[in-house]
Amino acid sequence: GWGFSCLVPRVGAVYAAAMLLSSAVCAAAAQSPGELLGRVTDAETGAPVQAASVELLELDRRALSDAAGAYRLRGLEPGHYTMRVLRLGYAEATRPVEIENGRARRMDLALAPVPVPIAGLAVVGAREQGSVRIVRAAVEGSGARTAADLVARLPGVVVRRTSEGGPETVSIRGSGTDAVLVLLDGVALNDPVTGEADLSALAADEIEAVTLLPGAQSARYGPRAEAGVILVETRRGAAQPELVVAGGSLGAWAASAAWGAGGRVGWGAGVRAQGLGGGFDFELPPEVGGGRGRRRNADLGEHGVFGSAFADVAGGELRVRGGFEAMRRGLPGKGFAPSPRARQELERARASAVWDRLGPGAATHLSLAGIRRTVRVRDPAPPFGLPYDDSVAVESIDLEAHLEGGRRGMVRGLGTGLDLAWHRIRASNLSSSAPRDRRVAGLFAHGAAGGRLGETDLSLAALLRADFDDLRHEWVLNRALTASVHAGPVNVHVANRSGYSPPSLGDQFFQEAVGVTPNPELRAERVPSEIELGVRAEARTGPVRTAVRAAAYRGDVRDMIIWAPDFRFVWRPENFDVKRRGFEGDVALQLPAADLHVSLGHSYARVTYDRAGGAQGAEAVQVLYRPRNVTVLRAEWAPGAWRLEAEARGTGARNTVPAAVNRLPPFWTVAAAARHEWDLGDYALDTALRVDRLFDERATLIFGFPDPGRVFRVEVRVRRQP
């Protein structure tokens with residue numbers, strides 16, 4: 001045998017050749033083939049991932065995972081290799097792996113869900129069914145200036161703007177802008193005075209990822225998540241130093257820099273600044289007399305800084321983030337009633353610490369976050385009413401603890417959590433009866449169970465949450481129940497949820513002024529029972545990859561808060577019962593061989609006054625400024641170092657009053673962009689040109705606020721190559 005031959009002593013030159021031959025035979029015999037096996041799962045749900053491609057790059061060997069996520073590669077030569085796992089809808093994963101002599105090596109991998117890279121938007125197979133996510137790579141390629149520019153790409157989202165560089169708030173599925181919860185690194189961005197989250201003060205260059213969870217989400221996220229949640233994660237920094245400069249129409253300019261480092265203790269930091277002149281000429285609508293006007297007092301100046309650090313602490317990962325933003329801008333008002341001296345000043349400081357630990361049978365999440373923001377709005381000579389100079393200062397602290405475990409048999413997870421928040425509010429525009437401190441407490445529990453029936457995965461998830469309303473001194477309960485079926489590339493879910501959004505302090509305690517008055521008797525908005533049916537599917541037919549997402553819903557709103565004029569034309573918030581139903585969906589096609597991506601999305605939201613809710617008894621009248629139809633068509637062609645993009649967006653008709661009169665007609669806008677990447681050795685240079693309203697379209701979502709039409713933006717990004 002080979003063992004004996006290896007021990008033959010070297011006695012004389014006669015045996016030299018025999019010894020060399022024997023040694024070679026020994027080594028060859030000792031190198032027995034090895035195996036690589038394991039299981040591929042979803043990092044967020046734990047569900048098996050079928051048809052994932054598992055490759056050993058150096059050997060050009062690959063295998064596909066089966067319905068249980070299992071894979072196996074046999075007959076592998078011992079050595080060190082690079083293992084790569086690919087699956088549409090998940091982030092690519094690479095791992096170093098050593099194949100040992102005659103042994104089987106087990107490597108289990110959990111893939112992180114990410115968007116299918118089709119025109120910068122795709123569906124994520126996350127725990128929350130129907131969620132959509134935009135990650136950093138898509139943020140950089142989007143040409144977005146603010147967080148609002150990013151979420152405007154998401155299905156069912158309508159962004160409300162009144163001027164270039166002005167406040168930007170969002171509506172989901174025809175909701176009010178104060179019924180959408182926006183969380184910035186875990187802490188609510190919504191202003192407690194208005195209830196709205198202004199995304200214009202959050203620069204896209206500071207964002208790592210944005211996730212949209214449409215529908216009633218109060219069972220998990222609490223108050224204001226009545227229509228959906230937008231999760232914004234700020235950046236950790238840049239793996240390599242990068243510099244971005246930009247300029248464009250209306251005197252726009254921007255500059256930012258970011259850098260960072262990894263390792264056991266990683267860090268990142270960045271700075272940015274931008275400005276906008278904002279002036280342009282426009283045509284006054286004939287309804288207000290016609291003629292020409294000049295947009296003034298539309299300038300913007302903004303700067304910010306952010307930092308982050310992360311490290312392994314106590315068996316988990318600790319992430320610390322912080323940032324500061326300051327903004328000064330004009331509020332030009334309506335085109336036919338301008339406010340040439342109205343100004344807004346905003347400052348925001350934020351910090352958060354998150355610790356996550358993932359054990360073999362349990363997961364722990366702890367977070368502490370705080371925001372201090374101040375806003376001052378003033379106008380010494382408004383077109384209507386008296387001069388004003390109002391300031392708001394809000395300090396918020398949020399604490400969340402979440403424990404999850406219990407994965408055994410058919411039980412896929414049990415968890416419980418606690419949310420505590422404290423807000424101190426100092427607002428000069430609120431009456432003396434307004435509360436100065438708000439304390440919010442929420443308790444939630446969730447569970448999931450499931451099993452397999454052949455190659456079909458079945459699961460059932462439930463959420464229950466109780467929130468304490470410190471104004472009414474009562475607990476509010478919300479629920480969510482979701483059943484899903486996953487069969488190969490198709491996922492279908494049915495959900496029943498509830499949600500609520502309390503009235504804002506501004507609605508209840510705003511100091512009465514000319515033409516407006518508060519309503520202390522307002523009731524909270526409620527969605528008692530929202531039904532949603534959704535489907536997600538992926539397919540590959542020859543060279544074409546297809547991703548489809550669709551969801552239909554019905555969730556009437558009880559006591560929706562809508563500002564409406566009375567018989568004296570004094571505006572006041574009132575409660576109206578509203579019927580709400582609709583659907584949204586998108587289909588995306590990717591042709592890798594042609595470097596072509598095309599997607600078509602459409603959302604329909606029928607949000608009408610209930611006959612019993614008054615509003616002139618008009619059941620079919622759409623609520624103010626909620627377009628029923630929004631259509632988005634995108635195309636991206638990326639030949640080599642070039643990337644060309646085009647987007648056409650159609651916005652449906654909008655009602656301006658709670659009646660079927662003075663309706664604004666639908667309109668389309670077109671945007672186009674061209675990007676090119678240049679390899680400069682140690683550096684990479686990315687240049688981009690984006691043109692919005694390509695055909696000089698001037699129609700706007702809201703009457704009376706003019707748009708400049710065609711504008712352009714040029715961006716240059718330089719980063720060191722890894």
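What is the order of the strands in the open sheet of 5 strands with mixed pairing? The order is E9-E14-E15-E12-E13. Two strands count as paired if DSSP finds at least two bridges between them, and strands (E, at least two residues) and helices (H or I, at least four residues) are DSSP runs numbered from the N terminus. The edges of this sheet are strand E9 (132-135) and strand E13 (187-188), each of which pairs on one side only.

The model is predicted: local features need pLDDT of at least 70, side-chain atom pairs count only at pLDDT 80 or more, and totals for chains, interfaces and linings use all residues. Residues are numbered from 1 along each chain as its sequence is written, and side-chain values use heavy atoms, with hydrogens and water left out.

The protein has an average pLDDT (the predictor's confidence in each residue, from 0 to 100) of 85, and 89% of the residues score at least 70. Over residues 613-619 the pLDDT is below 50, and the model gives this stretch 13 contacts beyond near neighbours in sequence. A contact here means heavy atoms within 4.5 Å. Residues 115-127 also stay under 50 in pLDDT, and for them the model has 59 contacts beyond four places in sequence.

The protein contains 6 helices and 42 strands. Of its 722 residues, 50% count as buried, where buried means under 20% relative accessible area, exposed over 50%, and partly exposed in between (1.4 Å probe, protein chains only). Among contacts between residues at least 6 apart in sequence, 60% join residues at least 24 apart.

Leucine 213 has valine 229 in E15 as its bridge partner. Tyrosine 221 lies in helix H5 (residues 218-221). Tyrosine 221 counts as buried because its relative accessible area is 16%. From tyrosine 221 to leucine 183 the C-alpha to C-alpha separation is 9.5 Å, while the two are 38 residues apart in sequence.

A hairpin is formed by E10 and E11, with 6 residues between them; in its turn, glycine 165 has a positive phi of about 80°. The strands run antiparallel and share 5 bridges, and arginine 161 is the bridge partner of glutamate 168 in E11. In a regular strand the side chains alternate between the two faces of the sheet. In strand E11 (residues 168-172), 5 of 5 residues are buried. Both faces are covered, with Glu168, Val170 and Ile172 on one side and Thr169 and Ser171 on the other.

A cavity is a set of points, on a 1 Å grid over the protein atoms alone, where a 1.4 Å probe fits but cannot get out; its lining residues have an atom within 4 Å of a point. Grid points are joined across faces, edges and corners, and a volume is the space filled by probe spheres set on the points. The structure holds 8 cavities of 30 Å³ or more.

The largest cavity contains about 1,200 Å³ of space. Its lining comprises 45 residues, and Asp149, Arg161, Glu164, Asp692 and Arg693 lie nearest its centre. Among the elements giving two or more residues to this lining are strand E10 (157-161), strand E17 (252-261), strand E18 (265-276) and strand E42 (711-720). The lining divides into 19 nonpolar, 13 polar and 13 charged residues. In this division Ala, Val, Leu, Ile, Met, Phe, Trp, Tyr, Cys and Pro count as nonpolar, Asp, Glu, Lys and Arg as charged, and the others, Gly among them, as polar.

The second largest cavity has a volume of about 230 Å³. It is lined by 21 residues, with Ala144, Arg145, Asp205, Ser256 and Arg713 nearest its centre. Helix H3 (136-142), strand E16 (242-248), E17, E18 and E42 each give two or more residues to this lining, which divides into 10 nonpolar, 3 polar and 8 charged residues.

E29 and E30 form a hairpin with 2 residues between them, and glycine 454 in the turn has a positive phi of about 70°.

Methods
1 Å grid on protein atoms, 1.4 Å probe; cavity = no way out; pocket = protein on both sides within 12 Å on 5 of 7 lines; lining within 4 Å.
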